[in-house]
Amino acid sequence: MDIARAISDSMEIPCEVTLDIPKITLVGNMRVHIENYLALVEYKKENIKLKYKGGIIEVCGQDFDIRTIGEGNIVVCGKIDAVKLI
Amino acid sequence: MFLIKIFHFLKGYVILLISGHNKEEFLNSILKIGIKPIRMDYCDDGIIAALSVSDFFRIREADIRARVHILKKRGAVFVAKRLKKRKAFVVGMLAFVMMFALGSQFIWTVSYEGVESCDIQQLEKAVELAGLHEGMLKRNLKSGLEMKNIILNHTDNICWAWVYVKGTKAVVKVREDILPPEVFDPNVPCDIVAMRSGIIKRVITTHGKCVAAENQAVAPGDTIISGTYNFENEPGYQVHSAGVVEAYTEHVKTGTYKQNYCYKKYSGRKRRLVTLKFLKWELPLYLDGDIKYESYDSLQREYDLKLGKDYYPGLGIRVVTCEEYAVEKEPISYDVAAELAIKELEKEISRELLPGSKLIDRHEDVQKLDEETISVTLTMNFIEQIGTEKRIEEVTFIEPKTDRTAAGD
């Protein structure tokens, strides 16, 4: 892992491509875009859990709805309180 | 987003309720086989997801099972399926579409823009001569330049015109000539004459010969500055006179007024005459068009069915509302009646005044003729510039005496 990271740092290749880690983009507190996740673990109105290579991403908030979902990327809208990496 | 919604509607989609313990795993497995839900939402019973019709038939390929219920079927496919049974509705829809398509091939309204002082009837005739009229086929319209030339050649006082076709509406835009004020050619000999009667206050002559003295009374048409020079022994000549003529003028107006105020009192009785308009035809929706009220106000309103801003499919109604009234008189005091009368007389006098007039004195005389009639005379004195140019029509030179020539010889 460290070697891969060192190579990607030295060659200036984005980590999410070489290390297969998720990329999380937040738009204010109303939209979150997560790429590179593996599977949907839990979907509720107040929280969404997604599995990634190193653990679980938990998005907490209110009134969540999934705008777009595909293999490896998801866009969640609602009032986002927290994004946790467990 | 709106276009995507339209795309999904055309393609057709189903709204599903996914429930059970394995709903998340089920979603993951359908994502793996390439099924992409359009939208997802959470409810107490499970997950609500929208899938396109083609994707819906593939969900059996998923490895993991969950309970799936169809909540709604949306889209053009399902609408068409439902409408198959309602033949009359489909025929009506088709008829409407055909009428819409056919109606949009015609010009249903012609409106005019920019008409202020030119003769509208003359313009309407010119427009008709150019081949533009209501109910005509759009494809029979002449070219824009051709119509412009015809309109310009057959209408006075306009310098530009163009016909814009917007949907089923033709808008004729015109620009009127702005005529410059009449200016006399400075080489044309003229006199300065009085426009109205008055007493000369002063004359400032810049060109020509002043023939009126101060405090002299002049009548309309009297020459004040003459442009003709006559000499006893030399040939005369004429010039273009110029100058300012200030005179004291008097304006007197008299009127008889009643000591009461007239106003309309509506009885509340109304009658509406509705006429249905379809294309060029009109169908009155009333039997008797006679209004039996003694005095009434009528208000005409047109309601045209419009689709969008400019599309008029040719259907509309005209409503003429007739409202009965009676003229009521209310007595007013002597002072109020006099005040109203003086204001009216002032207005009348102000219409007669020349530009730049100065008020120097005024006098009001109010007399009571009987219990409810007064006679008011308003006299106003002004200083006005009464001089105006008048072309010298006839050349009246005095021939020089021949004695001088003889003496010289």
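A: Let's begin with chain A, which has 2 helices and 6 strands; helices (H or I, at least four residues) and strands (E, at least two) are DSSP runs, numbered from the N terminus. This is a predicted model, in which local features need pLDDT of at least 70 and side-chain atom pairs count only at pLDDT 80 or more, while totals for chains, interfaces and linings use all residues. Residues are numbered from 1 along each chain as its sequence is written, and chains are lettered from A and ligands numbered from 1 in the order in which they are written.

Read from the N terminus, the elements of chain A follow the order α-α-β-β-β-β-β-β. Of the 86 residues in chain A, 21% are buried. Here a residue is buried if 20 or more other C-beta atoms lie within 10 Å of its own, exposed if 12 or fewer, and partly exposed in between, with C-beta atoms placed from the backbone.

Now for the meeting place. On one side are 12 residues of chain B, and they are in contact with 14 residues of chain A; two residues are in contact if their C-beta atoms, placed from the backbone, lie within 7 Å. On the chain B side, the elements that give two or more residues are α2 (23-32) and β2 (39-43). The most comes from α2(B), with 5 residues. Sorted by class, this side of chain B has 6 nonpolar, 1 polar and 5 charged residues. In this sorting, Ala, Val, Leu, Ile, Met, Phe, Trp, Tyr, Cys and Pro count as nonpolar, Asp, Glu, Lys and Arg as charged, and the others, Gly among them, as polar.

The strand β2(B) also pairs with a strand of the other chain: β5 (residues 55-70) of chain A and β2(B) are antiparallel over 2 bridges. Two strands pair if DSSP finds at least two bridges between them. Within this pairing, A:Ile66 has B:Met40 as its bridge partner in β2(B).

Why does B:Phe56 count as partly exposed? Because it has 18 C-beta neighbours inside 10 Å. Leaving aside residues up to four places away in sequence, B:Phe56 touches B:Val14 and B:Leu51. The C-alpha atoms of B:Phe56 and B:Leu16 are separated by 9.2 Å, although these residues are 40 apart along the chain.

Chain B also has an open sheet of 3 strands, in the order β6-β9-β8 and with mixed pairing. Its edges are β6 (109-113) and β8 (158-166), each with a single partner strand, so one side of each is left without a neighbour in the sheet. Between β8(B) and β9 (residues 169-176) of chain B there are 8 bridges, and these strands run antiparallel. Opposite B:Trp162 you will find B:Lys173 in β9(B).
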